[in-house]
Amino acid sequence: MSESSPTLHLSSGPHIASGRSTAQIMWMVNLSLVPALLWAWAVFGPVVLAIAVSSILGCVVAEAAACKIAKTAMTVFDGSAVCSGLLLAYTLPPGMPIWMPFIGGMLAMFFTKGMFGGLGYNIFNVALVGRAMMMATFPVEMTTRWVAPHLGAAGVDTISAATALAQIKLGGEAALAKLLAAAGDGVWFDYFVGMRAGSIGEVSAVMILLGAAFLLWKGIIKLYIPISVLAGVALLAPFSLSPGLYMLSGGIWLGAFFMATDYVTSPITPKGQIIFGLGIGLLTGIIRNWGGYPEGICYAIMLMNILTPALNDWFRPKRLTADGVPS
Amino acid sequence: MSFFSWGKAALPTFSRGGIHPDEHKELTEDLPIEAFTPTTVSLPVSQSLGAPAEPSVVKAAKVKRGDVIATVPGGVSLHAPVSGIIKNVQTGPHAALVYDTVITIQAKAAEDEPEFAEEAGWQDLPIAQMLERIRDGGVVGLGGATFPTYRKLMLPKGAKVDTLVINGSECEPYLTCDYRLMLEESDKVVLGSWLIAKIIGVANCVIGVEDNKQPAAEKMRQTIAALGLEKLEPKVRMSVVVTQTRYPQGSEKQLVQSLTGRLVPKGGLPLSVGVVVQNVATAYACLEAVRNRKPVLERVLTVSGLGIKTPKNLRVPIGTSVEDIVAHCGGYSADTVKILTGGPMMGRTIADLDIAVTKGTSGLLFLTAAETSLDGYQACISCGACVDACPMGLEPNRVSQYMEAGRPLETERFGVKECFECGCCSYSCPAKRPLVQFMQVAKATYRRHERKSK
């Protein structure tokens with residue numbers, strides 16, 4: 001017998017677990033978002049950091065309040081509120097007054113997540129609801145406070161006219177020609193690395209891909225959703241004035257890799273995920289080409305979020321039987 | 001298949017799900033099986049699936065090793081694993097049932113200890129007699145399922161079986177008892193496999209061993225070549241197939257798919273696709289029962305985990321108490337938080353050291369806080385890890401959500417009744433949700449409901 005008698009725990013199996021935890025996943029997603037923020041800092045100046053902090057604070061405060069009110073375990077340290085805050089900031093123009101994201105973050109977190117029961121129970125992507133609410137609340141700031149990118153010239157506060165998608169939406173072929181002439185030969189490269197006006201975290205496809213590569217390597221996201229989102233957008237690209245610019249502008253890269261892949265609001269099986277992604281891509285294209293807004297990824301994802309429970313019911317995992325059909 | 005294994009020939013495995021936890025087999029894999037006999041043994045009468053046995057001995061009676069001490073009419077009996085005197089027949093602890101009738105024997109060597117010598121001509125006994133000996137020898141599935149072996153081998157009329165699968169997967173982490181048995185007693189395992197093949201009348205026997213037990217696979221191959229099985233009648237083609245190390249490789253349906261490519265239908269047995277599966281230790285026990293008329297008196301088990309002072313592979317009489325094993329292995333440390341019978345995936349926690357080793361006890365694990373998770377659980381984030389990990393293609397996530405919502409009787413469509421509780425889902429869940437437990441409670445609710453509505 002041992003000298004001391006330890007407390008023995010009784011439980012159902014299994015008695016070992018993988019090292020993965022919800023908090024670890026959330027913090028790894030946050031880490032994967034850092035390159036895009038660093039890029040925004042480099043081209044739009046330190047103000048983007050203030051916007052991010054403001055948005056994160058709004059989310060964290062609202063999450064803490066929701067936990068207190070609901071008398072549930074305090075979940076602000078699991079990284080998911082920080083993640084929502086960061087993602088919300090990424091969808092905002094860099095010239096936005098820094099108190100607004102705080103309001104947006106609070107509203108988004110409280111109404112989208114807190115009221116639905118916290119992490120795991122939200123129906124919509126929290127950051128995107130935040131953006132939609134801010135579009136309704138601060139329409140001018142949300143659509144005009146764009147900053148022209150300028151590497152190394154932090155703090156130069158240039159308010160540019162609008163994003164490429166907005167210019168083309170309003171001005172048609174003439175605006176496109178003007179834009180391409182102004183941008184010069186390196187336009188495709190500039191748009192790919194992120195030398196363009198746009199929301200904080202969306203401008204650099206390179207930085208987004210860098211973060212996404214990390215998540216893929218860690219097995220946190222799979223490619224079904226991002227690839228099908230981009231494929232869906234690409235299918236409708238020929239209907240735009242400049243398919244190349246169309247694929248490199250707006251928030252489709254950020255949306256495809258970081259918003260549409262949100263576990264809680266996306267389907268589980270590969271088939272469900274492909275339909276979900278294609279739906280997002282096509283809806284984005286429809287809104288961009290024929291709708292009232294220059295960019296549609298935000299509303300496209302939210303619309304497909306609604307379908308997620310149905311997609312989980314329609315596309316079930318294959319059983320280990322000859323026919324594979326679930327009961 | 002991982003990116004880095006592209007180009008290499010993939011080892012056979014089942015088609016979906018599964019996990020690869022830390023193996024921890026290094027703690028005991030190189031330790032030879034050591035015999036240990038305590039001074040008293042306590043045998044719960046419920047040792048296998050089915051009706052419990054009735055004690056056939058009374059207090060103070062003298063028994064000899066191998067004597068029947070409890071019987072089930074027409075079923076498997078329980079035997080005295082040591083000679084001695086019946087100390088008690090009374091209610092005592094049981095790892096799974098909590099309480100059971102327990103027969104305690106004070107060991108005392110008899111003057112004429114039975115030898116269980118090999119009987120000449122055993123190979124040519126009529127099948128019916130072989131089955132009888134397996135039944136009377138109290139042989140049950142020693143992999144842990146404890147299903148009476150003679151019943152599994154008595155094929156229903158019209159059953160078409162062409163393959164015997166011998167399960168040497170030992171996919172549970174920590175456990176090394178089957179591995180050691182294959183290394184040290186390979187001749188008996190192979191002969192036992194031949195015997196089972198003869199009984200069920202198949203000419204093809206495949207022994208499945210996981211990739212992390214290569215020495216055992218090699219030893220079994222050598223033994224098959226060296227034993228001269230071709231001299232035995234009937235001829236059985238025996239082969240060893242190394243499978244991917246992937247839990248739950250040792251589960252019947254998974255192993256049948258890995259080795260034969262056949263899929264067992266929903267709710268069916270391997271029998272329905274022409275396969276019978278037996279564990280290596282069961283093959284060994286069948287041989288002893290038929291060839292030596294030696295009943296199941298002892299078993300090999302792995303004592304391991306970071307909590308136990310000296311991990312061992314032990315051969316102990318059935319009925320040896322956990323307490324005696326702990327003392328024999330130098331005690332367990334104060335930071336032990338869980339004691340398990342069986343492996344860490346499907347084993348049961350115990351809190352009573354009086355609990356005895358039964359025929360199905362493959363391991364005794366002493367886990368410290370560093371090895372096991374005691375964390376509470378959180379809400380499902382719908383990451384799908386459990387669905388990806390489930391080897392049956394079920395939806396543990398949905399079951400758990402319905403259970404939390406108090407709707408247990410709506411979970412059948414997510415596969416509750418096809419779940420065999422391997423634990424891959426709970427293992428993979430980042431929110432540490434007790435998905436297996438939700439499954440168990442859902443199943444129990446269905447059982448209760450179906451009883452009531454009858």
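Guide: A note on terms before we start: two strands pair if DSSP finds at least two bridges between them, and helices (H or I, at least four residues) and strands (E, at least two) are DSSP runs numbered from the N terminus. This is a predicted model, in which local features need pLDDT of at least 70 and side-chain atom pairs count only at pLDDT 80 or more, while totals for chains, interfaces and linings use all residues. Residues are numbered from 1 along each chain as its sequence is written, and chains are lettered from A and ligands numbered from 1 in the order in which they are written.

Visitor: OK, what's the strand order in the open sheet of four strands in chain B?

Guide: The order is β2-β8-β7-β4 in chain B, and the pairing is antiparallel.

Visitor: Which strands stand at the edges?

Guide: Those are β2 (40-44) and β4 (62-63) of chain B, each of which has a single partner strand, so one side of each is left without a neighbour in the sheet.

Visitor: And how many bridges join β7 and β8 of chain B?

Guide: Strand β7 (residues 84-94) and strand β8 (residues 98-107) of chain B pair in the antiparallel sense over ten bridges; G84(B), for one, has A107(B) in β8(B) as its bridge partner.

Visitor: Switching topic, how many residues does each chain bring to the contact?

Guide: Chain B gives 57 residues and chain A gives 35 residues, where two residues are in contact if their C-beta atoms, placed from the backbone, lie within 7 Å.

Visitor: Which element supplies the largest share on the chain B side?

Guide: That is β15(B), with five residues of the side that touches chain A.
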